[in-house]
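Hi there,

Here is the structure I promised to pass on. My notes follow below it.

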Amino acid sequence: AGPVKVYGRFEASERNELWTGDALHGPQVGGRKAILLAFIDDFSRSLVGYRWGTAEDVTRLEGALRAGLGARGVPRAILVDRGSAFVSRQLERACAVLGIRLIHASPRAATTKGKIERFFRTVRGQFLVELGSREVADLTELNRLFSAWVEVVYHRRAHSETKMTPLQRFQGVAPPELPSPGLLREAFLWSEPREVTKTATVSLHGNRYEVDAALVGRRCELIFDPFDLERIDVRYGDRAMGTAVPVRITRQVHP
């Protein structure tokens, strides 16, 4: 999808119509800057997916989004900016598999991200201010403390604009329908195109694999979990072409 133009005040008409994602640069934890990647539901102001990490990259972004999808359901659209993690082929693939429209906001359309930016101001003014008085050991502790604050404090306090708590407004009359574990796994597999050599092999991140000899000279898709480079599924067009057989494995996970 191309850039979205939103003028004036916009609000979704129901939950999971639109999620907005962005990054907040936070405090130093363990000698490195902590960065929050988060998604907010436009209608309810619920924080639907979030994770603190040490980089604004696609792996951490997908971690935040995947947790949200598994717990809150699948939105019709996701609005993000043009940061490198948000324009990745991996995120485009995840959204396509789940039927989510991925919208990239124009840099000048600041109003489109107003609700997540307002939430980040709340994080700074409440959570991070309280955090300043204590030593946080690592990201695991930071994520645990933040999750407790979101679920116990933020989600249960009436929002000044909606006059309801984010949790009440999100839950409505019935819980959302959740995606199956199988669909979520498929959505967050990564895909890389590769040309098959004359010896029916392909390379991926320093590893070499054998594939079906019928693919020699053709361009295929390697589908894989970035945390397990020993299992690679091969697809040609929309057809499954079996599993790539490892010949030389020098790297177990994506760099």
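A word on terms before the sheet: two strands pair if DSSP finds at least two bridges between them. Helices (H or I, at least four residues) and strands (E, at least two) are DSSP runs, numbered from the N terminus. This is a predicted model, in which local features need pLDDT of at least 70 and side-chain atom pairs count only at pLDDT 80 or more, while totals for chains, interfaces and linings use all residues. Residues are numbered from 1 along each chain as its sequence is written, and side-chain values use heavy atoms, with hydrogens and water left out.

Six strands make up an open sheet with antiparallel pairing, in the order 7-10-11-12-9-8. Strand 7 (190-195) and strand 8 (201-204) are its edges, each pairing on one side only. From one strand to the next, the twist averages 35 degrees; axes here are lines fitted to C-alpha atoms, for helices over the stretch in contact, and angles run from 0 to 180 degrees between N-to-C directions. Within the sheet, strand 10 (residues 219-225) pairs with strand 11 (residues 228-236) over five bridges, in the antiparallel sense. Asp225 stands opposite Asp228 in strand 11.

**Helix 2**

Helix 2 (residues 89-98) lies across strand 7, strand 10 and strand 11, at about 115 degrees to strand 7. Its buried residues (under 20% relative accessible area, with exposed over 50% and partly exposed in between; 1.4 Å probe, protein chains only) include Leu91, Ala94 and Leu98. Gly99 follows helix 2 and has a positive phi, near 75 degrees.

**A pocket**

Asp225 turns up again in the lining of the second largest pocket, together with residues including Arg51, Arg185 and Phe227. Helix 1 (residues 58-72) gives the most to this lining, with five residues. For the term itself: on a 1 Å grid over the protein atoms alone, a pocket is an open set of points where a 1.4 Å probe fits, with protein on both sides within 12 Å along at least five of seven lines, and lining residues have an atom within 4 Å of a point.

**Two loop residues**

Glu135 sits in the loop between helix 3 (114-131) and helix 4 (139-152), and it counts as exposed because its relative accessibility is 73%. Thr162, in the loop between helix 4 and helix 5 (166-171), counts as buried because its relative accessibility is 12%. Leaving out residues up to four places away in sequence, Thr162 touches Phe43, Arg45 and Arg169 (contact means heavy atoms within 4.5 Å).

Best wishes
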